[in-house]
Structures are given as structure tokens and as C-alpha cells.
Amino acid sequence: MSLHDDIADEDQELISPATGRPLTKRGEATRRRLLEAAEIVFAEQGYHEASIVKITERAGIGLGTFYLYFDSKQSIFEALVIDLNRRVRHSMSEAMEGASSRLEAERAGFAGFFRFTAEHPALYRVVREAEFVSPEVLRLHYTRIVEGYEAGLRAAQEVGDVDPALDPATTAWALMGMGELIGMRFLLWERDAHGRPPAELDPAVFDAISRFIDNALAPRAPQEDQG
């Protein structure tokens with residue numbers, strides 16, 4: 001499957017690039033093992049030091065089998081970015097289910113994002129390397145997240161949950177940027193006395209973010225006539 005096929009429809013049936021036929025359930029499981037191994041190898045060694053041999057060794061899969069699922073190192077890297085994007089958006093959407101307002105949904109969505117980031121710190125390194133390895137897939141990663149954000153903000157403005165004066169597109173990009181940098185600072189860079197990363201975002205940091213979101217998005221009370 002090419003990158004362009006993935007962009008066209010992320011939910012389309014997975015096809016073997018070697019046979020041109022849809023993957024079986026067993027084939028999908030093997031492809032998943034390769035992606036999981038690639039996530040670790042690319043995160044630990046970076047794109048240029050990583051190799052197909054290292055990925056297949058990590059996955060415990062024969063080198064020849066790799067080419068039933070991916071054409072090259074770049075193709076599995078691009079598939080990994082798309083896969084991480086799909087899973088982080090799922091984590092956010094799942095966390096937002098049942099929220100009674102957009103502000104509550106925003107807080108829950110951020111909680112889902114930080115939870116996924118703590119479990120998959122490779123998201124940062126892999127996505128950042130995509131800027132040089134595959135700029136197209138980098139843009140896809142951010143655009144897909146923002147599209148969902150923007151649609152949610154527009155819907156919330158219509159029912160009075162969010163300040164109608166805010167531009168949904170600009171606000172969506174600003175929120176995404178905030179989440180990414182907060183995650184980098186307080187999850188990716190943070191270490192305890194033993195050099196271990198945190199298992200979750202510091203609740204005090206999350207409370208500060210929640211307050212910031214509430215202040216930024218909440219509808220403004222009408223201003224009294226000062227004249």
C-alpha cells in the first residue's frame with residue numbers, strides 16, 4: 001500500500017504490496033507486529049540508524065516476510081506515523097465520549113492525548129523525524145487532528161459552549177500546539193531521581209491546562225455599557 005492510498009482513505013482494506021490482495025486476519029496481525037517493532041526501533045535509534053533487519057529481528061519475523069507488508073523502510077515509517085495518528089485520535093475520542101459540554105470534552109480529550117503520549121513516547125520522535133523523512137505524512141498527521149478539533153469547536157459555538165468570537169481553525173491549531181509542547185516538557189523530558197519518565201502527566205500540570213482551556217474557550221459575559 002502506498003502513502004497516497006493511505007491518505008485517500010485511512011479505513012480502507014489493507015492490501016499486501018507483494019500480492020496485491022487484501023490481508024487476512026493473520027496477515028493483519030503480522031503487520032501489527034512489524035509496526036510495534038518499528039515503533040521501538042525508530043524511537044530508540046532514529047530513522048537513519050534503524051534498518052529493516054533490526055525491525056524484523058525485533059518483531060521475530062523473517063526478513064522476506066517484511067516485503068509482504070511494506071515496500072521499504074520509508075513505507076513502514078510512513079505507515080507507523082499514520083498508525084500512531086489513528087491511535088492517538090482514538091484515545092482522545094474515547095476519552096471525550098459522554099462529556100456534557102465542549103469544555104469538559106476538551107479536558108477529557110487532552111487527558112486521552114497525554115495518556116497515549118505517556119504510553120507511546122515514540123510519537124514525538126517519529127513525528128518530528130517525519131519532517132525530514134516524509135513531509136507529506138507529517139502534514140497529514142497534524143491536519144487529521146486539527147480537522148476533528150475544528151469541527152468540534154464549530155459545533156460547540158453553535159450551541160453556546162464556546163466563545164463565538166474565536167476562529168475555530170486558529171483555535172484548533174493553538175490547542176494542538178499547546179498539547180504537544182506540554183507533553184514534550186512534562187512527559188518526554190521529565191525524569192524522576194532514578195531517571196525514569198513519568199507514567200502520567202502531573203495532576204497539577206493538568207489542572208493548570210484545564211484552567212487555561214476554560215479561560216480561553218468559555219463564552220464571554222456581555223460587557224456592560226461603560227458610557
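**Helix 9 and its neighbours**

Reply: Gladly! Bear in mind that this is a predicted model. Helix 9 has 21 residues, and its first and last C-alpha atoms lie 28 Å apart, close to the expected 30 Å.

Me: Which helices do the buried residues of helix 9 pack against?

Reply: Buried here means under 20% relative accessible area. Among the buried residues of helix 9 are P168, L175, M176, I182 and L187. They belong to a buried set that packs against helix 6 (102-119), helix 7 (122-133), helix 8 and helix 10 (203-217).

Me: Are helix 8 and helix 9 roughly parallel or oblique to each other?

Reply: Helix 8 (residues 135-158) and helix 9 (residues 168-188) have axes 8 Å apart and pack at about 125 degrees. Roughly perpendicular ends at 115 degrees and roughly antiparallel starts over 145. The two helices are therefore oblique.

Me: How many residues of the contact of helix 8 with helix 9 are nonpolar?

Reply: From helix 8 the contact takes in residues including Y142, I145, V146 and L153, and from helix 9 it includes A172, W173 and M176. The residues of this contact comprise three charged, three polar and, for the nonpolar group, 11.

Me: What share of the residues in the protein is buried?

Reply: The protein has 10 helices and zero strands, and its C-alpha trace spans about 80 × 45 × 30 Å along the principal axes. Of its 227 residues, the buried share is 44%.

Terms used: Residues are numbered from 1 along each chain as its sequence is written. This is a predicted model: local features need pLDDT of at least 70, side-chain atom pairs count only at pLDDT 80 or more; totals for chains, interfaces and linings use all residues. Side-chain values use heavy atoms; hydrogens and water are left out. Axes are lines fitted to C-alpha atoms, for helices over the stretch in contact, and angles run from 0 to 180 degrees between N-to-C directions. Helices (H or I, at least four residues) and strands (E, at least two) are DSSP runs, numbered from the N terminus. Angles under 35 degrees count as roughly parallel, over 145 as roughly antiparallel, 65 to 115 as roughly perpendicular and the rest as oblique. Contact means heavy atoms within 4.5 Å. Ala, Val, Leu, Ile, Met, Phe, Trp, Tyr, Cys and Pro count as nonpolar, Asp, Glu, Lys and Arg as charged, and the others, Gly among them, as polar. The expected span of a helix is 1.5 Å times one less than its number of residues. Buried means under 20% relative accessible area, exposed over 50%, partly exposed in between (1.4 Å probe, protein chains only).
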